[in-house]
Amino acid sequence: MDCCQHDRKTMSPLPFEKVIYFDFYDGPLAGYAMCSVCHQCFHFRVLKWDTHIFCRVFGFVPIEMDFDRVDKDIEQWTKNTVHILEERRKTDNDDLPIPKQTDYVNQIELIASRLEFSHICVTGSYLDKGYWRKMDESDKDVEDWFEHLGVVYDFGNLTFHLDKSHSS
Ligand SMILES: [Zn+2]
């Protein structure tokens, strides 16, 4: 499970083009991403977010999975779920069951939930831009990830800057 970008010790641009967002609250909370260079898959989950400045910190960890299969399964599940929610609204029947996720996706979720993060990432709401690096000793028992990673707020533009001199 080696990614070509694995040993970045300083904050580097994210190498992900293919991303599956899984869980949402004002933006993604978790998902899967594939390195666009070597195709290693990663699981990610949010560690801190602030919707006022559209900044999120995610933990990343490599995971062995069939990315396209998970992508297809989740897309189908989302379609089915939207359909059921519409039916519920139309028929006023809240008993219509929400579709179950496939066994394969459940299996990957279970594996992912047991992994410890190896990388830390700071980005806007989505992974189209952002930075990451390998976690190190300084990342143990962090109370405020924004402060720890050198996130500088820019409330005028509702965004953030990364003080990269702050990171290892
Ligand atoms: Zn890679």
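In what sense do β5 and β6 pair, and over how many bridges? The two strands pair in the antiparallel sense, over 5 bridges. The model is predicted, with a mean pLDDT of 90 for the chain and 96% of its residues at 70 or more. The chain has 3 helices and 9 strands, and its domain assignment gives domain 1 (1–63 + 115–168) and domain 2 (66–113).

**Overall layout**

- From the N terminus on, the order of elements is β-β-β-β-β-α-α-β-β-α-β-β.
- The C-alpha trace spans about 55 × 40 × 30 Å along its principal axes.
- Of the 168 residues in the chain, 23% count as buried.
- Taking contacts between residues at least 6 apart in sequence, 53% join residues at least 24 apart.
- Confidence is highest in α2, at a mean of 96, and lowest in strand β9 (residues 159–162), at a mean of 81.

**The sheet**

- An open sheet is formed by 7 strands in the order β1-β7-β6-β5-β4-β3-β2, with antiparallel pairing.
- The edges are held by β1 (12–13) and β2, each of which has a single partner strand, so one side of each is left without a neighbour in the sheet.
- β2 and β3 run antiparallel and are joined by 7 bridges; Y21 has G31 in β3 as its bridge partner.
- β4 and β5 also pair in the antiparallel sense, over 8 bridges, and H43 stands opposite V61 in β5.
- The hairpin of β4 and β5 has 4 residues between the strands, and in this hairpin F54 takes a positive phi near 50°.
- β5 is mostly covered, with 6 of its 8 residues buried.

**The largest nonpolar core**

- The largest nonpolar core has 28 residues, of which Y32, A33, V57 and C121 touch the most other members.
- Two or more residues each come from β2 (16–24), β3 (28–35), β4 (41–50), β5 (55–62), α2 (103–113), β6 (119–123) and α3 (145–149).
- Domain 1 (1–63 + 115–168) and domain 2 (66–113) both contribute residues, so this core lies between them.
- Neighbours within four places in sequence aside, C121 is in contact with L14, F44, V57, F58, F60, G130, Y131 and W132.

**The contact between the domains**

- What distance separates the C-alpha centres of domain 1 and domain 2? The centres lie 26 Å apart.
- The contact takes 9 residues from domain 1 and 6 residues from domain 2.
- On the side of domain 1 that touches domain 2, the elements giving two or more residues are β2, β3 and β4.
- β2 supplies the largest share of that side, 3 residues.
- The residues of that side of domain 1 divide into 7 nonpolar, 1 polar and 1 charged.

**Two buried residues in strands**

- F16 belongs to strand β2, and F16 is buried because 22 other C-beta atoms lie within 10 Å.
- Apart from neighbours within four places in sequence, the contacts of F16 are A33, M34, C35, S36 and L127.
- F16 and H43 are 27 residues apart in sequence, and their C-alpha atoms are 12 Å apart in space.
- Is R133 buried or exposed? R133, in strand β7 (residues 130–134), counts as buried because there are 22 C-beta neighbours inside 10 Å.
- R133 and S118 are 15 residues apart along the chain, and 8.8 Å separates their C-alpha atoms.

Technical notes. Residues are numbered from 1 along each chain as its sequence is written. This is a predicted model: local features need pLDDT of at least 70, side-chain atom pairs count only at pLDDT 80 or more; totals for chains, interfaces and linings use all residues. A nonpolar core is a set of buried Ala, Val, Leu, Ile, Met, Phe, Trp, Tyr and Cys residues joined through C-beta atoms within 7 Å. A residue is buried if 20 or more other C-beta atoms lie within 10 Å of its own, exposed if 12 or fewer, and partly exposed in between; C-beta atoms are placed from the backbone. Domain bounds come from an automatic or database domain assignment. Two residues are in contact if their C-beta atoms, placed from the backbone, lie within 7 Å. pLDDT is the predictor's confidence in each residue, from 0 to 100. Ala, Val, Leu, Ile, Met, Phe, Trp, Tyr, Cys and Pro count as nonpolar, Asp, Glu, Lys and Arg as charged, and the others, Gly among them, as polar. Two strands pair if DSSP finds at least two bridges between them.
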